[in-house]
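Please look at the model below before reading on.

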Amino acid sequence: MSGWLVTGAGGQVATHVVARLRELDANVTACSRAELDIADAASVRAVLDRVQPDVVVNTAAYTKVDAAENEADAAHRANATGPQVLAEELTGASTRLLHVSTDYVFDGTASAPYDVDDPTGPRTVYGRTKLAGEQAVRAQRPQGSCIVRTAWVCGGPGPNFIDTMLRLEGERERLTVVDDQIGSPTTAADLGAALVELGRAPGDLPGIVHYVNAGQASWCDLAREVFRLAGADPSRVEAIDSASYAFATPRPAWSVLTTRSWTAAGLSAPRPWQQAVADVVRAR
Ligand SMILES: NC(=O)c1ccc[n+]([C@@H]2O[C@H](COP(=O)([O-])OP(=O)(O)OC[C@H]3O[C@@H](n4cnc5c(N)ncnc54)[C@H](OP(=O)(O)O)[C@@H]3O)[C@@H](O)[C@H]2O)c1
C-alpha cells in the first residue's frame with residue numbers, strides 16, 4: 001500500500017487514522033506539531049521531501065472554539081494558512097490531500113441536514129478560519145484533494161464529550177445538558193477508518209464530502225445514551241436550553257450533515273452513532 005503522511009499526530013482524529021493504517025500494515029509517517037508545523041513552508045517542504053507520501057491526511061488544526069475568538073491570528077495560522085501551505089507545497093500530481101473540516105462552516109440555522117453544496121456562513125472565528133482553509137485547498141489543488149467535513153467528534157484520546165459524561169456520571173447525582181442543539185455525533189475511530197477508506201479508494205477523489213455517523217441527536221440525547229451504555233439511569237441527565245448555559249461562543253443550533261456525498265462516492269455507509277458510541281463506552 002502507498003505511503004501516508006498524517007499531520008496533527010497526537011490529536012483525536014489523527015490517533016485513529018494512524019491506528020487504522022497500522023492495522024492495515026500501511027507505511028505511515030505521523031507528525032506532531034513539533035515535528036511538522038503545517039503553516040511553516042520550510043517545515044512542510046522538508047517533511048514532504050523526506051516522506052514522499054502518496055496520501056496526506058491533514059487533521060492538524062486549531063480546534064479551541066471559544067479561545068479562537070481571542071486568538072484569531074493563531075486560529076487563522078493553523079486553520080487557513082496551514083492548509084494553504086500544504087496544498088502549495090504538494091507538487092506531485094498524484095499525491096492525494098485529504099483535508100478535515102467542520103460543520104462550523106455553516107450558520108447552524110437550517111432544519112434539514114446540510115449537504116456539501118449548501119451555502120456556508122460561519123458565525124465564529126473557528127468556523128471562518130476553517131472555511132478559509134477549505135477555500136485555499138480547493139483553489140490551490142482543485143484535483144487530487146478532498147475536503148472532508150465532519151461534526152461532533154468524540155471518543156478521544158483527550159478531552160471529549162463521552163469521557164466528560166462518564167466522569168460526571170461518577171461525580172454527580174444529576175446533571176443538566178442542552179437539548180436544543182442538534183448534531184451528528186461521530187466517533188474519532190469511525191472517522192479515522194473512514195478517512196483511510198477514502199484515501200485508498202480507486203478513481204478520482206470527490207472535491208468535498210461529509211462524513212458523520214448516521215442519525216442525529218441533541219447533546220442531552222448523547223449524554224443520556226452514554227449513561228445508559230454505562231449502566232446508569234439516563235433520567236439523571238436533565239434537559240436545559242442553550243439560553244440557560246453560559247457558552248462563551250454561540251454554538252450552531254443545527255449541525256446535522258447528510259452523508260449522501262460520501263455514499264455517492266462509493267464509500268461505506270456510516271453506521272448509527274449509537275453503535276459507534278457503544279464501542280467507545282465498552283472500551284473504557
Ligand atoms: N473535535 C471535533 O468535534 C471536530 C468537529 C468537526 C471537525 N473537526 C476537525 O477535525 C480535525 C481534527 O480535530 P481533532 O478533534 O483531532 O483536533 P485535536 O485533537 O485538537 O488535534 C489537532 C492537532 O493539530 C495540532 N496542530 C495545531 N496547529 C498545528 C500546526 N500549525 N501544525 C501542525 N499541527 C498543528 C494540535 O497540536 P497542539 O495540541 O500542540 O496544538 C493537535 O495535536 C480538525 O480539522 C477539526 O477542525 C473536529
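This is a predicted model: local features need pLDDT of at least 70, side-chain atom pairs count only at pLDDT 80 or more; totals for chains, interfaces and linings use all residues.

Residues are numbered from 1 along each chain as its sequence is written, and side-chain values use heavy atoms, with hydrogens and water left out.

Val 17 sits in helix α1, residues 12–23 (helices are DSSP runs of H or I with at least four residues, numbered from the N terminus). Val 17 has 0% relative accessibility and therefore counts as buried (buried is under 20% relative accessible area, exposed over 50%, partly exposed in between, with a 1.4 Å probe and protein chains only). Beyond its neighbours within four places in sequence, Val 17 is in contact with Val 6, Val 57, Gly 192, Leu 195 and Val 196 (contact means heavy atoms within 4.5 Å). Val 196 is 179 residues away along the chain, yet the two C-alpha atoms are 6.6 Å apart.

The whole structure holds 15 salt bridges (a side-chain nitrogen of Lys or Arg within 4 Å of a carboxyl oxygen of Asp or Glu). One of them joins Glu 23 and Arg 20 at 2.6 Å, N to O; these residues are three apart in helix α1, so about one helical turn separates them. Glu 23 is exposed at 59%, while Arg 20 is partly exposed at 28%.

Another salt bridge pairs Asp 163 with Arg 284, also described by an N to O distance of 2.6 Å. Asp 163 lies in helix α6 (161–171) and Arg 284 in the segment after α10 (273–283), so the pair ties together parts 121 residues apart in sequence.

Definitions and conventions:
Helices (H or I, at least four residues) and strands (E, at least two) are DSSP runs, numbered from the N terminus.
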